[in-house]
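Please look through the sequence and the structure below. The paragraphs after them go from the whole chain to a few of its parts.

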Amino acid sequence: MTGLIYKEWRQNRLYIILTAVCGAAAVFIPIPLILTGGDGLQALAGEKGMIVRVVALLLGFLGVGALQSLALRGDERKGWGIFIASSPETEKGFLRIKYEMIFAMSVLAVSGCLFFEQLLGAVVFDITGEALPDLSGVYVALVFLQIFLRALDIPFIIRFGDKRGSMIKAIIVVVLFILFTAAVMIDPKDIGEALINVLKNGFDGDGILLALGLLPFAALAAYFLSYLISCRIYMKGVEQYDK
C-alpha cells in the first residue's frame, strides 16, 4: 500500500502542489483586481470586494476540479489494470488510494483557503481597521459540493476512460436538457409555476440552512458509494483500454 501512495505522489505531485497554489490564488487574486480598479484594500470589506472574492473563489475551486481530473489520468492501460488486480492490494486498494488522494486534494484546497483567508483578514484589518466578511461557510460548502461532483465523475472515468467518460457525461447532460426543454414546451404554464415554487421554497432561510446541513452527509455518502461502484466496474473498464 505504501508503494501505491508513493506512486500517486510521484505521478501527481505537480497537480497536488498546484492545488495548494489554487487555494492561495483564490484568496489573494482579488487584491490586484481591487487595487487596479482604483479602490483601496478597504474595498475588500465592502459589497464589491465580496463579489470579487466569491468569483475568485469559484474560479479557484474550478481549477482544483480540473487538477483532480488530470490526476485521474495516466492509469488507463490494460497491462496496469491486470497487474494491479492480481497484486496483493488488488484494484480495491488501488482505487482506495485514488479516492483518498482526490479527497485530500479537496481538503488541501479548502485548508489553504482558510489559512490564507485568516492571513489576508489580519493584513486588511491592520492596514484599514476594517474586518473582512467571513467566507469560511462558502469554502466548506464548495469543498463538499466538489466532493459530490467527483463522486459522479470518477466511475465514468474508471469505466469508460477519461475521453469516453467525459463524452458520455456530456451526452447525458444534453439529453436531460433536451427532455427538460421538451417538457417546458409541452406544458410551459405548469412547469413554470412548479419551478417558481421550488425556487421560492428552496431559497428561503430555512431551506438554505437545511441544504447546507445535509450537503456534507450527502457528499460523503455519495463518495463512498462511488468508490464501491468503481470497484465493481474497474475490470470492465480495463477490458476496453487500448493497451
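Of the 243 residues in the protein, 37% are buried, where buried means under 20% relative accessible area, exposed over 50% and partly exposed in between, with a 1.4 Å probe and protein chains only. This is a predicted model, in which local features need pLDDT of at least 70 and side-chain atom pairs count only at pLDDT 80 or more, while totals for chains, interfaces and linings use all residues. Residues are numbered from 1 along each chain as its sequence is written, and side-chain values use heavy atoms, with hydrogens and water left out.

The secondary structure consists of eight helices and zero strands; helices (H or I, at least four residues) and strands (E, at least two) are DSSP runs numbered from the N terminus. Contact here means heavy atoms within 4.5 Å. Among contacts between residues at least 6 apart in sequence, 81% join residues at least 24 apart.

Two packed helices are described by the angle between their axes and the distance between the axes. The axes of H1 (residues 2–28) and helix H3 (residues 47–71) come within 9 Å and cross at roughly 175°. Axes are lines fitted to C-alpha atoms, for helices over the stretch in contact, and angles run from 0 to 180 degrees between N-to-C directions. H1 is therefore roughly antiparallel to H3, a label for angles over 145 degrees; under 35 counts as roughly parallel, 65 to 115 as roughly perpendicular and the rest as oblique. On the H1 side the residues that meet H3 include Tyr15, Leu18, Thr19 and Cys22, and on the H3 side Leu57, Gly60 and Val64 are among them.

Ala109 is 45 residues from Val64 in sequence, and their C-alpha atoms are 7.3 Å apart in space. Beyond its neighbours within four places in sequence, Ala109 is in contact with Thr19, Gly23 and Val64. Ala109 is buried, at 1% relative accessibility.

Glu8, in H1, is buried too, with a relative accessible area of 3%. Its side chain makes a polar contact with the side chain of Lys7 at 3.1 Å. A polar contact is a pair of N or O atoms within 3.5 Å; within protein, one must be able to donate a hydrogen and the other to accept it, and residues adjacent in sequence count only if both atoms are side-chain atoms.

How many disulfides does the structure hold? There are zero, a disulfide being a pair of cysteine sulfur atoms within 2.5 Å. The closest cysteine sulfur to that of Cys113 is in Cys22, 9.0 Å away, which is too far for a bond.
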